[in-house]
Amino acid sequence: MASAAHHGGPEGVRLEPPERLVRTVGAWEGEAGRVWLAELPDRVARFLERWGLTVERVFAAGGQISMIVLVRTADGVPAVLKVGMVTRETEHEHAALAHWDGRGAVRLLDADPGEGAMLLERLQADVSLRSLAEPKAMLEAAGVLQRLWVPPAEGHPFTSVADYTGALVALLRERRERPWAAEAVGLVDEALSVHAELVASGAEEVLLHGDYHHGNVLAGERMAWLAIDPKPLVGERAYDLAWLVRDRLPTLAAQPGSRAAARRRLAKLAAALEVEPERLRGWALFRAVEAGVWYLSVGDREAAELLLEFASWL
């Protein structure tokens with residue numbers, strides 16, 4: 001069936017999913033992903049109409065499991081239409097953004113959670129914290145995180161870090177037995193044991209971003225830097241900080257004294273955000289090993305080896 005979507009919106013902008021999105025959804029989500037991609041242009045067209053939006057362009061470098069369309073509202077205000085796959089990680093993104101209400105994060109203007117659609121304020125899509133030198137980027141990243149770490153509302157829908165990572169632990173145990181994970185067994189065992197200790201002793205209950213790294217903090221108009229793309233959880237701050245410890249990993253790995261540099265970075269971030277260094281080390285190790293083994297499972301050896309090497313430095 002031909003639709004307006006396929007020969008573009010009213011302004012003739014093609015609403016085809018960008019290549020990167022097609023690649024990642026196809027690789028990560030299999031058949032369900034392919035079905036979702038096929039329906040995506042029509043779904044985007046529906047929301048353009050429903051929210052009275054005018055298309056400027058599809059943002060080609062957009063999300064890995066979402067399509068990002070730069071639009072203007074009926075009042076001519078620049079905004080972003082984000083239509084993503086609804087997964088366990090993304091299903092409460094709108095609720096976190098609504099709770100933060102623009103404090104430290106992109107402002108949510110409208111949402112249809114069941115369809116994975118959100119209308120967001122426009123930030124500078126091409127300018128993330130990656131555009132700053134590392135020390136400055138880390139400083140800004142820490143400042144934004146401090147605004148995001150607030151108590152969740154009563155009766156919130158968010159998964160706890162313990163439950164979310166508990167499901168990852170089950171997968172990690174299963175993958176540990178696969179032939180392709182043989183060389184990672186020692187690190188996997190350490191990660192599992194560290195995880196058990198962390199979960200048994202964690203008591204903090206704050207709203208976390210869940211996927212916090214330099215690429216997910218963009219330049220804004222209202223504030224210098226605002227977070228995007230949360231995969232929200234509730235739990236301890238050290239969990240959220242763990243990815244920053246491994247941010248810009250290829251650069252970190254390429255410099256002399258990588259191990260010492262990684263440990264210095266960990267100590268610095270723990271001190272700056274008043275997080276216990278040992279807990280930060282534990283979560284940084286667990287998250288890197290879990291991600292490394294996941295990359296092994298999808299056949300990306302290069303990314304896997306880098307993450308597992310990083311975990312061994314800690």
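Helices H4 and H5 sit roughly antiparallel to each other. They pack at an angle of about 155°, and since angles over 145 degrees count as roughly antiparallel, the label follows. Keep in mind that this is a predicted model, with a chain average pLDDT of 93. Besides this helix pair, there's a second one made by H3 and H6, plus an open sheet of five strands and an open sheet of three.

**The H4–H5 pair**

- H4 covers residues 161-176 and H5 covers residues 185-201, and their axes are 11 Å apart.
- The crossing of H4 past H5 is left-handed.
- On the H4 side, the residues that meet H5 are Ala162, Thr165, Gly166, Val169, Leu172, Arg173 and Arg176.
- On the H5 side, look for Val185, Val188, Asp189, Leu192, His195 and Val199.
- Sort the residues of this H4–H5 contact by type and you get seven nonpolar, three polar and three charged.

**The H3–H6 pair**

- H3 runs over residues 134-148 and H6 over residues 237-245; their axes come within 12 Å and cross at roughly 165°.
- H3 and H6 are therefore roughly antiparallel to each other as well.
- This crossing is right-handed, whereas the one between H4 and H5 is left-handed.
- H3 brings Met138, Ala141 and Leu145 to the contact, and H6 brings Asp240, Leu241 and Leu244.
- Five of the residues in the H3–H6 contact are nonpolar, none is polar and one is charged.

**The five-stranded sheet**

- Reading across this open sheet, the strand order is S1-S2-S3-S5-S4, and the pairing is antiparallel.
- S1 (54-58) and S4 (108-112) are the edge strands; each has a single partner strand, so one side of each has no neighbour in the sheet.
- From one strand to the next, the twist averages 25°.
- Four bridges link S1 with S2 (residues 66-72), and the two pair in the antiparallel sense.
- To spot this pairing in the model, find Thr54: its bridge partner in S2 is Arg72.
- Helix H1 (residues 19-50) packs on this sheet and touches S1, S2, S3 (78-84), S4 and S5 (117-121).
- The direction of H1 makes about 135° with that of S3.

**The three-stranded sheet**

- Here the order is S6-S8-S9, again in an open sheet with antiparallel pairing.
- S6 (124-128) and S9 (225-227) are the edge strands, and each pairs on one side only.
- The twist in this sheet averages 55° from one strand to the next.
- S8 (residues 217-219) and S9 run antiparallel and are joined by three bridges.
- Leu218 stands opposite Leu226 in S9.

- Across the chain, 96% of the residues score a pLDDT of at least 70.
- Residues 1-9 are another matter: their pLDDT is below 50.

Terms used:
Residues numbered from 1 in each chain as written. Predicted model: local features only at pLDDT ≥ 70, side-chain atom pairs only at ≥ 80, totals over all residues. Heavy atoms only, no water. Axes fitted to C-alpha atoms, helices over the stretch in contact; angles between N-to-C directions. Parallel < 35°, antiparallel > 145°, perpendicular 65-115°, else oblique. Left-handed = near helix turned anticlockwise from the far one by under 90°. Contact = heavy atoms within 4.5 Å. Nonpolar A, V, L, I, M, F, W, Y, C, P; charged D, E, K, R; others polar. pLDDT = per-residue confidence, 0-100. Pairing = 2+ DSSP bridges.
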